[in-house]
Amino acid sequence: METDQFIRTLAADNAHRARPVGFMLALALLLAAPISIAIFMTELGVRPDVMIAMRNPLFDLKFAVTLGLAIPAIAISLHLSRPEASLRGRAWLLLIPVGLLVAGIAGEMMMPQRMPMAMRMMGKNSWNCLTSIPLMSLPLLAAALIGLRHGAPTRPAVAGAIAGLLSAGLAATLYASHCTDDSPLFVAIWYSTAAAMVAALGALAGSRVLRF
Amino acid sequence: MREREDEWTGLMRSAISGDDAAYHRLLKAVTPVLRAAARRGLTRAGQPADQSEDIVQDILLAVHLKRHTWDADAPFAPWLFAIARNKLIDALRRRGRRVFVNIDDFAETIPSEPAPEAVPASEVEAQLKSLPARQRDVLQSIAVDSASIKDTAKKFAMSEGAVRVALHRGLAGLTAKLRGQ
C-alpha cells in the first residue's frame, strides 16, 4: 500500500477517540481489587485487636508507608505511559515511603522497647508477609499492565516495575491490617523485599506486554 | 525547524478538536521527516535505505493509535519523535540489527523532497489479508479506492457508524498483526 493511501485511511479514522490511560488504569484496578480483597478475606482477615492497634502510631504508619508507595507509583506509571516521558523529575516521589520509614525507625528508636531490635526486625510474620503481599499483588499487577497497555511507554520494563510497586503498595495496604508486626524495622525489611519481588516481576512482564 | 514544529502542534490540536483535514495535513507533513530518519537508520544498520516505507507506515500507525497519550498542552514534536524512535529501533531490531537511534536524528532531519526511490511498502498490505473480511473491505475501500466513509457505507450497505467501527478495528488489528510477525 502506498503511504499516501495509508495516510488517507488513518485520517478517515480521526473521529475515533480513545479513552485516557488514567481511566483505563482506574477501571482495570477497580475490577481487580475485589479479587485481591477476596484473597485477603479468605486467607488473612483483619487482625482481631485492630481497635487497640489503631491507637499505636506505628500501626498507622504502615498505611502511610504503603499508600505512600502506591499513590506516587500510580502517578509515575501514568506519566510513563507517555512516550516522551522519563523517570527524571519524578523518581524522587518513590523516596516518600522511604522517608516515612526512616522517620518511623528513628521514632521507634527513641521509644522504650520491650523487645530487642533483632526480634522486632524479624517479627513473627516474615514468611507470611513475603508470600501474602505478592499473592494479593498479582491480580492488581495484571490489571495495571492491562490498563497501561493503553498507553505508549517507551521504557516498558521501567513502566512494568512501577506497575509492580503500585500493585505491591495496594496489596501491602491490605496486608498491613492483618499483620501484628508493627515495627518500622519489620516493614523496612519484609514489606520492601515483597515489593521488590513484585517490581521485578512487573519489569519482566512489562518488557513483554507494554511494548507497542 | 522551530516553526515547523509549532505548525505540527497547531495541526494536531485542530485534529483533536475534530478537524479531519488538519489531521490529514499533519500526517502528510511529518511523513518526509519520518522517512528521512528511517532511511538514515537503515543506512546506519547496513540495510538498504529504500526499505523505509514499511517503517514509515509502522510509525504512522502507532502515532494514530496512541495519539491520546499526547498532552495537548505540550509540543507535538518530542512526542512524535519518541514514538518514531521507538518504532525505528523496533524495526531495525526485527531486521536483526541493534542500532542506537538518537532523538536528535529526527529533530535535525530535513525532509528529503522529492520522495526518494523506495521499495513499495508491503507489510501493511500483507497483514490486511489476515483481517476479518468486513474490516479488510472497509480499509481497502478507503485506502485504495479513496472512497469516503459515506461512499463506503453505501457500497457495502452498512451504516456510517458501522464503517467507522470496522475501520478503527481494522487499524487496531493491523498493529497487533504487525507486532506479531
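Tutor: Two residues are in contact if their C-beta atoms, placed from the backbone, lie within 7 Å. The structure discussed here is a predicted model.

Student: How many residues of domain 2 of chain B are in contact with domain 1 of chain B?

Tutor: The domain assignment of chain B sets domain 1 at 1–120 and domain 2 at 122–181. On the side of domain 1 of chain B that touches domain 2 of chain B, there are three nonpolar, two polar and two charged residues. Seven residues of domain 1 of chain B take part, and the number of residues of domain 2 of chain B in contact with them is eight.

Student: Which elements make up chain B, helices or strands, and how many are there?

Tutor: Read from the N terminus on, the elements of chain B run α-α-α-α-α-α-α-α-α. Of the 181 residues of chain B, 40% count as buried, and residues 24 or more positions apart account for 65% of the contacts in chain B with a separation of 6 or more. The count for chain B is zero strands and nine helices.

Student: How are α2(B) and α3(B) oriented to each other?

Tutor: Helix α2 (residues 20–44) of chain B and α3(B) have axes that come within 9 Å and cross at roughly 130°, and α2(B) passes α3(B) in a right-handed crossing. The contact draws on residues including Leu27(B), Leu34(B) and Leu42(B) of α2(B), together with Ile55(B), Val56(B) and Ile59(B), which are among those of α3(B); by class, the residues of the contact divide into eight nonpolar, two polar and two charged. Since angles from 65 to 115 degrees count as roughly perpendicular and those over 145 as roughly antiparallel, the relation of α2(B) and α3(B) is therefore oblique.

Student: How are α1(A) and α3(B) oriented to each other?

Tutor: Helix α1 (residues 3–12) of chain A and helix α3 (residues 52–65) of chain B pack with their axes 11 Å apart, at an angle of about 10°. The contact is made by Thr3(A), Phe6(A), Ile7(A) and Leu10(A) of α1(A), and on α3(B) by Glu53(B), Val56(B), Gln57(B), Leu60(B) and His64(B), a set with five nonpolar, three polar and one charged residues. Angles under 35 degrees count as roughly parallel, and α1(A) and α3(B) are therefore roughly parallel.

Student: How many residues does the contact take from chain B?

Tutor: Among the elements of chain B that each supply at least two residues of the side touching chain A are α2, α3, α4 (76–94) and α9 (160–180). By class, that side of chain B has 20 nonpolar, nine polar and seven charged residues. Chain A gives 26 residues to the contact, and the number taken from chain B is 36.

Student: Is Ala157(B) buried or exposed?

Tutor: Ala157(B) lies in the loop between α8 and α9 of chain B, and has a positive phi of about 55° although it is not a glycine. Because Ala157(B) has 7 other C-beta atoms within 10 Å, Ala157(B) is exposed.

Student: How far apart in space are Ala162(B) and Ala45(B), C-alpha to C-alpha?

Tutor: Ala162(B) has its place in helix α9 of chain B, and is partly exposed, with 15 other C-beta atoms within 10 Å. Ala162(B) and Ala45(B) are 117 residues apart in sequence, and their separation in space, C-alpha to C-alpha, is 43 Å.

Notes:
Residues are numbered from 1 along each chain as its sequence is written. Chains are lettered from A and ligands numbered from 1 in the order in which they are written. This is a predicted model: local features need pLDDT of at least 70, side-chain atom pairs count only at pLDDT 80 or more; totals for chains, interfaces and linings use all residues. Axes are lines fitted to C-alpha atoms, for helices over the stretch in contact, and angles run from 0 to 180 degrees between N-to-C directions. Helices (H or I, at least four residues) and strands (E, at least two) are DSSP runs, numbered from the N terminus. Ala, Val, Leu, Ile, Met, Phe, Trp, Tyr, Cys and Pro count as nonpolar, Asp, Glu, Lys and Arg as charged, and the others, Gly among them, as polar. A crossing is left-handed if the near helix is turned anticlockwise from the far one by less than a right angle, and right-handed if clockwise. A residue is buried if 20 or more other C-beta atoms lie within 10 Å of its own, exposed if 12 or fewer, and partly exposed in between; C-beta atoms are placed from the backbone. Domain bounds come from an automatic or database domain assignment.
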